Amino acid sequence: MKRARTPAILARLAITAAAIASIASIAPGVAWAQRARRSVECSGCIGNYYYFDQNAASGAHRDWNCGTSSYDGHRGSDWSLTGNLGAIDAGNNIVAVAAGTVVTTNDGAFDRCTSCPSSGTCGTSVGFGYGNYVRIDHGTRSVIYAHMRMGSVRVRVGDRVTCGQVIGQIASSGCSTGAHLHTEFRAVGGTSTTAYDPYEGMCSPTRPSVWTMQNAYRTLPGTTCDGSTPPPMCPSGTFAIWTCNAARTARVRCIDGNVMTEACPAGCMVRAVGTDDVCNPPASMCSAGVTAEWACNSARTARVRCNAGRDETQPCPYGCAVNAGEDTCNAAPMCPTGVTAEWACSTDGSLRRRCVMGAVQSESCANGCEMRAGDDVCRAGQQTDAGIVPPADASAMDTGVAIGSDAGAMDGGPSSADATAARDSGASADARRADAGPGAIDGGCGCRMISRTHNRDALRPLALAAVALALASRRRRAAR
Ligand SMILES: [Zn+2]
């Protein structure tokens, strides 16, 4: 939606106000804000109280103390002048609740109104219904002092005022049915929708009270001023929420005098009332067909998406899976427990095994297998020892699942507390392998590391001892 410059700025004022007010109305004490003294000078000139309406329902009202001293939809605190219209001429001073800067004033309107018509010298058309009024920004709060006596306004826009400084007098101008002061707390720059209750009470969300001394229900707050130093003012045209600059090349915000600017190379987008304006995302340079969702490439070797205007590619070494939602890379296949990427001799030394990316590789060692610090190796050359014969069927050896378990048990050795544990698990695997059949036994027998005979049972203690030695040796090397 296009908006003309000036209305946009006005809208922005409202936006900012709404944003700040929504924060302030939840917890006015969070942001810096001076607490307030009472907005009248007198002690005994007020005879009645009509507080902020805390009942959101139309046609009902409730004040901060859960009483009914309010009226439906009231956005401020009314303190009624004792003696009503007849007491106006006595001059009852209205004072600033804290130090601040005057941002709006209106004076010259009739000040003895008793009704609120939509036009004429009284009513909603006179100073937005506030009649003769002054608006002052007090740090993060803005306060409207309304329905003032004609000709009583004593400050001008831009004036810095001190806490307790007289700014006008009580009367009944604008939308008013009797002499009273309407004090309305808002966020800086906020509209009436941002107004909040200064009183803390059972039926008010304000914490803590905005007043320095709130005092009892239906009495005036105290006259003590907040002694804290106000923060630096923000430059005019800057707000607490992010706002595009006029050229839409950046967005700016200001909090407690600190101006922040964020460049928007792709332009700045004005957003809905009450929300931060945002920088446009950079122009997309993604390839055709590449969306914000991860999608497999045609070869299923990677997945691609459009991220912040650029193609983003993630390789899928194990393939890419097409899903209903985003496509995903397949997980790496798992290696069997105990089979590592390093070549490792089987317990009987007939072969060595390793696992690469889930695939188990096995290599028979015709002359036995030798343990090394890194990869274990098959012994080279044909031994001349008469007791050693080549395996009858190397492939039979390679396929032995039980042998695979051996390798696992052996690999587990170095990390286990002692070699006995490794040997124990190896022994149980051996037992299984013995059941594998004559072929397996014959094969295994032929390439035993310290073999003197085909007798497997006779060799086992020797083989186990050799493994234990090798493991111990490997552990010592590893420990070094
Ligand atoms: Zn009022």
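In the predicted model, residues 24 or more positions apart account for 59% of those contacts in the protein chain that have a separation of 6 or more. The chain comprises 480 residues, of which 40% count as buried, and its secondary structure consists of 6 helices and 24 strands.

The largest nonpolar core contains 36 residues, and those with the most contacts inside it are Val40, Ile94, Ala96 and Tyr145. Two or more residues are given to this core by each of strand E2 (77-81), strand E3 (93-95), strand E5 (133-138), strand E6 (141-146) and strand E9 (180-187), with E6 giving the most, namely 4 residues. When neighbours within four places in sequence are left aside, Ala96 is in contact with Ile136, Val161, Thr162, Cys163, Gly164, Gln165 and Ile167.

Because 6 of its 6 residues are buried, E5 is largely enclosed by the rest of the structure. In a regular strand, the side chains alternate between the two faces of the sheet. In E5, Tyr133, Arg135 and Asp137 point one way, whereas Val134, Ile136 and His138 point the other way, and all of these residues are buried. Ile136, which belongs to the latter set, is also among the residues in contact with Ala96.

Strand E5 pairs with both E4 and E6. Strand E4 (residues 100-106) runs antiparallel to E5 and is joined to it by 5 bridges, and within this pairing Asn106 stands opposite Tyr133 of E5. The pairing of E5 with E6 is likewise antiparallel and extends over 5 bridges, with His138 standing opposite Arg141 of E6. The hairpin formed by E5 and E6 has 2 residues between the strands, and Gly139 takes a positive phi near 65 degrees there.

Elsewhere in the chain, an open sheet is formed by 3 strands in the order E20-E21-E22, with antiparallel pairing. Its edge strands are strand E20 (344-345) and strand E22 (359-364), each of which pairs on one side only. Strand E20 is joined by 2 bridges to strand E21 (residues 351-356), the two running antiparallel, and the bridge partner of Ala344 in E21 is Arg353.

Definitions and conventions:
Residues numbered from 1 in each chain as written. Predicted model: local features only at pLDDT ≥ 70, side-chain atom pairs only at ≥ 80, totals over all residues. Core = buried A, V, L, I, M, F, W, Y, C linked by C-beta atoms within 7 Å. Buried ≥ 20, exposed ≤ 12 C-beta atoms within 10 Å, placed from the backbone. Contact = placed C-beta atoms within 7 Å. Pairing = 2+ DSSP bridges.
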